[in-house]
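Trainee: I am new to this structure. Please show me how to read its main features.

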Amino acid sequence: MVTHRRLRRFNTRDTYPNQSLDNDLCQVVIAGNTVYLRGQVGSDFDGNIIGAGDPAAQTEQAMANVAQLLAEAGSDLSHIVKTTVYLTDPRYREPVYRVIGRWLKGVYPVSTGVVIDGLAQPEWLMEIDVIAVIPDEGGDGDGR
């Protein structure tokens, strides 16, 4: 019995050639109708940093990644239920949240924001962790 699926598998030795790592990971895990995304940052799926030094540009890339991964999983932005946003500087809160707010207008997920000392690569200024659902046929799951 298959309990979950993994999409976009990778190994960290390829993703982080500047580090001595050898971990098998993936970008998406689908368990039942729940979609868990790997934290998304200001890099494209080839590992290129987008928006170096610009938290808003990095957030645009991260949210584009989120949208693409959710589509690949059979969901979309409207089905995000939880976000956790990590910032390396509290001054990035407004530019980062403005971008996220535009992408998630009308979605109303629960959200947690955390300021941290750093992320896995020094160029990354923000990271967003997302949990979403795959909707049942015929229902939007809004439950207002």
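Trainee: What does the secondary structure of the protein chain come to?

Mentor: Helices (H or I, at least four residues) and strands (E, at least two) are DSSP runs, numbered from the N terminus. Here the protein chain has 3 helices and 6 strands, in the sequence pattern β-α-β-β-α-β-α-β-β. This is a predicted model, in which local features need pLDDT of at least 70 and side-chain atom pairs pLDDT 80 or more, while totals for chains, interfaces and linings use all residues. Residues are numbered from 1 along each chain as its sequence is written, and side-chain values use heavy atoms, without hydrogens and water.

Trainee: How do I read the packing of two helices?

Mentor: Two packed helices are described by the angle between their axes and the distance between the axes. Axes are lines fitted to C-alpha atoms, for helices over the stretch in contact, and angles run from 0 to 180 degrees between N-to-C directions. In this model, H2 (residues 55-73) and H3 (residues 93-103) pack at about 30°, with axes 8 Å apart. H2 and H3 are therefore roughly parallel (angles under 35 degrees).

Trainee: Which residues of H2 and H3 meet?

Mentor: Contact means heavy atoms within 4.5 Å. On the H2 side, the residues include Ala56, Met63 and Ala67; on the H3 side, they include Val96, Ile100 and Trp103.

Trainee: How many residues of the protein chain count as buried?

Mentor: Buried means under 20% relative accessible area, with a 1.4 Å probe and protein chains only. Of the 144 residues, 37% count as buried.

Terms used. Buried < 20%, exposed > 50% of the residue type's maximum accessible area, 1.4 Å probe, protein only. Parallel < 35°, antiparallel > 145°, perpendicular 65-115°, else oblique.
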